[in-house]
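Thank you all for making the time this morning.

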Amino acid sequence: MAEVLLSTHGLKAGYGDFQALFGMDVALNRGEVLALIGANGAGKSTLLKAMTGLVRCQPDMVRFKGEPIGGQRPDRIARHGIAMVPEGRRLFRSLTVEENLVIGGERARKGAWTLERIYALFPILNERRKNPGTALSGGQQQMVAIGRALMANPEVILFDEISLGLAPVVIKDIYAALPAIVESGISAILVEQDVSRALAVSNRFACVQEGKVSLAGTPSQFSRAEITAAYFGT
Ligand code: ATP
């Protein structure tokens, strides 16, 4: 049996009086890539935010290795070994590439991922390492955001909208890095607008619709028509 690393259990969460998630059950097994697909506003980002402490929920609603972590502060959740590559990258634009990467490793667990290894994964970052965050293309910023998460040597990385707004050639480079990340022992949840791309690289998927999981399984288990119906709620 696969070990469940990170899971949600009847997760309900929202923003003030607005409820966005209505009892979500999702599980990420060790060593796998789980794709989260679903239309705009379905609740994918809110799910990741609840997993990383950016949105409040009950302790038992999010578990890491079976232990309740729901509602813990983001820094405490990060110390468990859960890192996020947020939508919009959120780099420190006044800092250089290297300074942004080093920040990701501060107070982090030691492990296989070092500056050198990240530069080997994304050689363009080595060339640009003294450049400020402002001088980077969107794709290069995404590489820095991924590198920053890797510097924490996490067990899990949550990628929110990994390819949104990036040119196709850059998306290819970003996706080319995924196997090395997974082979290093990191499990991943991938939020991706491009359903075909997401399904092509994931072991399992969960389709989110109006704050609930409408379909979950392996990509080969369902036809495209069934997945599309779950996506649109038809
Ligand atoms: P998208 O691809 O558009 O980011 P999503 O599936 O990630 O979609 P969420 O961002 O999780 O969806 O949004 C779920 C619901 O919560 C939506 O109705 C959205 O309008 C609402 N929402 C998201 N962020 C906030 C916020 N900060 N305050 C209030 N409501 C929010």
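Let us begin with the open sheet of 4 strands, whose order is β2-β1-β4-β5 and whose pairing is antiparallel; two strands count as paired if DSSP finds at least two bridges between them, and the strands themselves (E, at least two residues), like the helices (H or I, at least four residues), are DSSP runs numbered from the N terminus. At the edges of this sheet stand β2 (18-29) and β5, each of which pairs on one side only. Before I go on, please keep in mind that this is a predicted model, in which local features need pLDDT of at least 70 and side-chain atom pairs count only at pLDDT 80 or more, while totals for chains, interfaces and linings use all residues. Residues are numbered from 1 along each chain as its sequence is written, and side-chain values use heavy atoms, with hydrogens and water left out.

Staying with this sheet, β4 and β5 pair in the antiparallel sense over 2 bridges, and arginine 63 has proline 68 in β5 as its bridge partner. The loop between β4 (62-64) and β5 (67-68) holds lysine 65, whose phi is near 50°, a positive value in a residue other than glycine. Most residues other than glycine have a negative phi. Lysine 65 counts as partly exposed because its relative accessibility is 37%; here buried means under 20% relative accessible area, exposed over 50%, and partly exposed in between, with a 1.4 Å probe and protein chains only.

Helix α1 lies across β1 (4-15), β2 and β4, and runs at about 115° to β1; for such angles, axes are lines fitted to C-alpha atoms, for helices over the stretch in contact, and the angles run from 0 to 180 degrees between N-to-C directions. Threonine 46 lies in this helix, which spans residues 44-51, and at 7% relative accessibility threonine 46 counts as buried. If we leave out residues up to four places away in sequence, threonine 46 touches Tyr15, Ala20, Leu21 and Val55, where contact means heavy atoms within 4.5 Å.

Which residues are closest to the ligand? They are Gly41, Gly43, Lys44, Ser45 and Thr46, out of 14 residues that surround the ligand, a residue being near a molecule if one of its heavy atoms lies within 4 Å of it. Among the polar contacts, meaning pairs of N or O atoms within 3.5 Å (within protein, one must be able to donate a hydrogen and the other to accept it, and residues adjacent in sequence count only if both atoms are side-chain atoms), a polar side-chain atom of lysine 44 lies 2.8 Å from an oxygen atom of the ligand. A polar backbone atom of serine 45 is 2.8 Å from an oxygen atom of the ligand, and a polar side-chain atom of tyrosine 15 lies 3.5 Å from a nitrogen atom of the ligand.

Now to another open sheet, which has 6 strands in the order β6-β7-β8-β3-β9-β10, with mixed pairing. Because β6 (82-85) and β10 stand at the edges, each with a single partner strand, one side of each is left without a neighbour in the sheet. Is strand β8 (residues 187-191) enclosed or open? It is largely enclosed by the rest of the structure, because 5 of its 5 residues are buried: Ser187, Ile189 and Val191 are on one side, and Ala188 and Leu190 are on the other. β8 is joined to β3 by 4 bridges, the two running parallel, and β7 and β8 also pair in the parallel sense over 4 bridges. Alanine 188 in β8 is the bridge partner of valine 33 and also of isoleucine 157.

Let me finish with helix α9 (residues 224-232), in which Ile227, Ala230 and Tyr231 are buried. They lie on the same side of α9 because they cover an arc of only 105° around the axis, the arc being that of the directions from the helix axis to the C-beta atoms. The buried residues of α9 pack against β3 (33-37), α8 (195-201), β9 (204-209) and β10 (212-217), whereas the face turned away from that buried side carries the exposed residues Ala225 and Phe232. Just after α9, glycine 233 takes a positive phi of about 70°.
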